[in-house]
Amino acid sequence: MWEVVKSVLAAFFGVQKEQRRCEDFQHGRAAVFITVGLLMAMLLVVLVALVAVVAAR
Amino acid sequence: MRTLLVWLAGGLSLAGSIQVAMANGWNMPVGVTELSGNIHSLHMTIFWICVAIGVVVFGVMFYSLFRYRHAKGAKAANFHENIVVEVVWTAIPLLILIGMAVPATATLKQMYDASEADLDILVTGQQWRWRYDYLGEDVAFTSNLGTPRAQIRGEEAFGENYLLEVDEPLVVPVNRKVRFLFTSDDVIHSWWVPDLAVKQDSVPGFINENWVRIDEPGVYRGQCAELCGKDHAFMPIVVHAMEEEAFDTWLADRRAAASQEAQGIDREWAMDELMERGEQVYTAVCVSCHQEDGSGNPPAFPALAGNQALLDDRDRHIDTVVDGVSGAAMPAFRSTLNPVEIAAVITYERNAWGNDSGDSVQPSEIAERLSD
């Protein structure tokens with residue numbers, strides 16, 4: 001699972017090792033990546049909103 | 001050595017041209033409010049960050065082009081993927097953007113805080129003039145282009161403030177927080193005064209807000225910044241910032257004048273009086289479409305001189321000025337002009353430029369018409 005999170009984080013950042021990319025495509029299941037990606041996108045929104053609330057104080 | 005000289009010359013000419021641009025007023029002005037100063041320093045901070053990025057990026061690019069040129073036998077490296085470089089060139093812009101966002105957010109917060117104002121002014125854009133209502137003060141007036149039409153037609157030399165002068169400037173006090181509420185009667189306009197760092201759209205059906213606290217008394221000029229039709233260039237803004245005491249006196253005088261004019265509604269006005277006042281109103285408000293000689297600009301703006309249909313039907317003339325013409329360019333003046341002004345301008349139109357109806361319209365009649 002931690003490997004999936006790391007891959008999604010790398011995708012958010014926009015940079016990934018070619019070797020890791022191949023591994024993900026061989027072993028991983030698409031649904032898992034999509035679910036984790038959606039959850040982490042929500043997390044990002046919450047994080048940005050929190051920063052905005054703190055900044056607005 | 002030669003390379004160093006080239007770099008030095010390049011750097012000096014860049015810095016020099018930036019200095020020239022600023023000295024010639026091509027840069028954003030520092031302005032006359034604390035906030036406009038903050039906006040200016042934010043602008044300069046971001047500008048210098050961009051200059052630094054540009055120098056580094058183009059420096060590396062031109063250096064590489066020159067140092068590893070084909071003529072010197074350079075061979076292109078052929079590789080794919082370099083995690084370290086990719087992470088660095090993604091992380092650095094991210095950090096730069098966050099670094100820019102911090103001061104930008106601080107300034108934006110200040111810009112949007114229009115709370116606890118000492119004075120509220122409703123600014124209404126109209127084709128093609130600005131109307132100012134001092135909310136709760138019983139003072140309201142319309143600010144029209146002050147540049148003589150002869151200058152616009154090129155028959156006279158341009159004045160010092162050509163197209164940047166008005167008949168009645170907006171008057172505000174220094175050292176007090178003034179909140180502006182912006183809206184429009186017709187199309188989208190934009191109220192822009194660079195020295196106050198205010199550029200706010202005025203949109204029909206919406207209220208936008210902005211605020212100023214001016215530090216120095218003075219006259220500050222601006223223009224409509226949203227293309228709004230034929231006379232977009234002819235609706236300038238002049239803000240007169242006064243010392244607080246002088247402003248209070250001005251406001252009291254304006255209030256007294258308004259109530260005096262309101263009293264004038266009930267009395268009978270002589271023809272000469274109506275014609276004189278009517279000409280003032282016509283010159284300020286009607287002239288941009290219907291022209292000085294009443295010839296208009298058909299078909300959009302009909303002629304008033306020699307318009308027999310208008311002269312024959314006095315009631316229709318009153319209706320047209322009070323309520324405007326639906327679906328045409330003629331606006332309703334019921335809220336823009338007071339009954340004295342409406343009566344005077346209709347009387348003027350019915351008896352100027354060879355029109356000889358001989359009849360007059362009394363302010364009391366208009367007041368009654370408006371209360372219907």
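User: How many aromatic pairs does a search of the whole structure find over all chains?
Analyst: This is a predicted model, in which local features need pLDDT of at least 70 and side-chain atom pairs count only at pLDDT 80 or more, while totals for chains, interfaces and linings use all residues. Residues are numbered from 1 along each chain as its sequence is written, chains are lettered from A and ligands numbered from 1 in the order in which they are written, and side-chain values use heavy atoms, with hydrogens and water left out. Rings of Phe, Tyr and Trp (its six-membered ring) pair if their centres lie within 6.5 Å; planes under 30 degrees apart count as stacked, over 60 as edge-to-face and the rest as tilted. Over all chains, the number of aromatic pairs found is 14.

User: Is the pair of B:Phe182 and B:Trp191 stacked, edge-to-face or tilted?
Analyst: The ring centres of B:Phe182 and B:Trp191 are 5.6 Å apart. Their planes stand at 50 degrees, so the pair is tilted.

User: Are B:Phe182 and B:Trp191 buried or exposed?
Analyst: Relative accessible area decides this: under 20% is buried, over 50% exposed and in between partly exposed (1.4 Å probe, protein chains only). B:Phe182 has 0% relative accessibility, and B:Trp191 has 0% as well. B:Phe182 therefore counts as buried, and B:Trp191 likewise counts as buried.

User: Which residues form one aromatic cluster with B:Phe141?
Analyst: The cluster includes two tyrosines, B:Tyr132 and B:Tyr134. Besides these and B:Phe141, its members are B:Phe247 and B:Trp250.

User: Over which ring does the charged end of B:Lys199 sit?
Analyst: A charge sits over a ring if NZ of Lys or CZ of Arg is within 6 Å of the ring centre and within 35 degrees of the ring normal. In chain A, the charged end of A:Arg21 sits over the ring of A:Phe25, 5.6 Å from its centre. For B:Lys199 the distance to the ring centre is 4.5 Å, and the ring is that of B:Trp192.

User: At roughly what angle do the axes of H6 and H9 of chain B cross?
Analyst: Helices (H or I, at least four residues) and strands (E, at least two) are DSSP runs numbered from the N terminus. Axes are lines fitted to C-alpha atoms, for helices over the stretch in contact, and angles run from 0 to 180 degrees between N-to-C directions. The axes of H6(B) (residues 271–290) and H9(B) (residues 339–351) come within 7 Å, and they cross at roughly 95 degrees.

User: How many residues of the contact of H6(B) with H9(B) are nonpolar?
Analyst: Contact means heavy atoms within 4.5 Å; among the residues that meet are B:Met271, B:Leu274 and B:Tyr282 in H6(B), and B:Val340, B:Ala344 and B:Tyr348 in H9(B). Ala, Val, Leu, Ile, Met, Phe, Trp, Tyr, Cys and Pro count as nonpolar, Asp, Glu, Lys and Arg as charged, and the others, Gly among them, as polar. Three residues are polar and four charged, and the nonpolar ones number eleven.

User: Against which helices do the buried residues of H8(B) pack?
Analyst: H8(B) spans residues 314–323, and its buried residues are B:His317, B:Ile318, B:Thr320, B:Val321 and B:Val322. Just after this helix, B:Gly324 takes a positive phi of about 75 degrees. The partners of the buried residues are H7, H9 and H10 (363–371) of chain B.

User: What is omega for the cis peptide bond that joins B:Gln127 and B:Trp128?
Analyst: B:Trp128 lies in the loop between S1 (119–126) and S2 (129–134) of chain B. The peptide bond from B:Pro298 to B:Pro299 is cis too, with omega near 5 degrees, and B:Pro299 belongs to the loop between H6 and H7 (308–312) of chain B. For B:Gln127 and B:Trp128, omega is about 0 degrees.

User: What is the relative accessibility of B:Gln291?
Analyst: B:Gln291 lies in the loop between H6 and H7 of chain B and has a positive phi of about 70 degrees although it is not a glycine. B:Gln291 counts as partly exposed, its relative accessibility being 25%.

User: Which residues does B:Leu251 touch, not counting those up to four places away in sequence?
Analyst: B:Leu251 sits in H5 (residues 244–263) of chain B and is buried, with a relative accessible area of 5%. Its C-alpha is 9.4 Å from that of B:Asp138, 113 residues apart in sequence. The residues that B:Leu251 touches are B:Tyr134, B:Glu137 and B:Val139.
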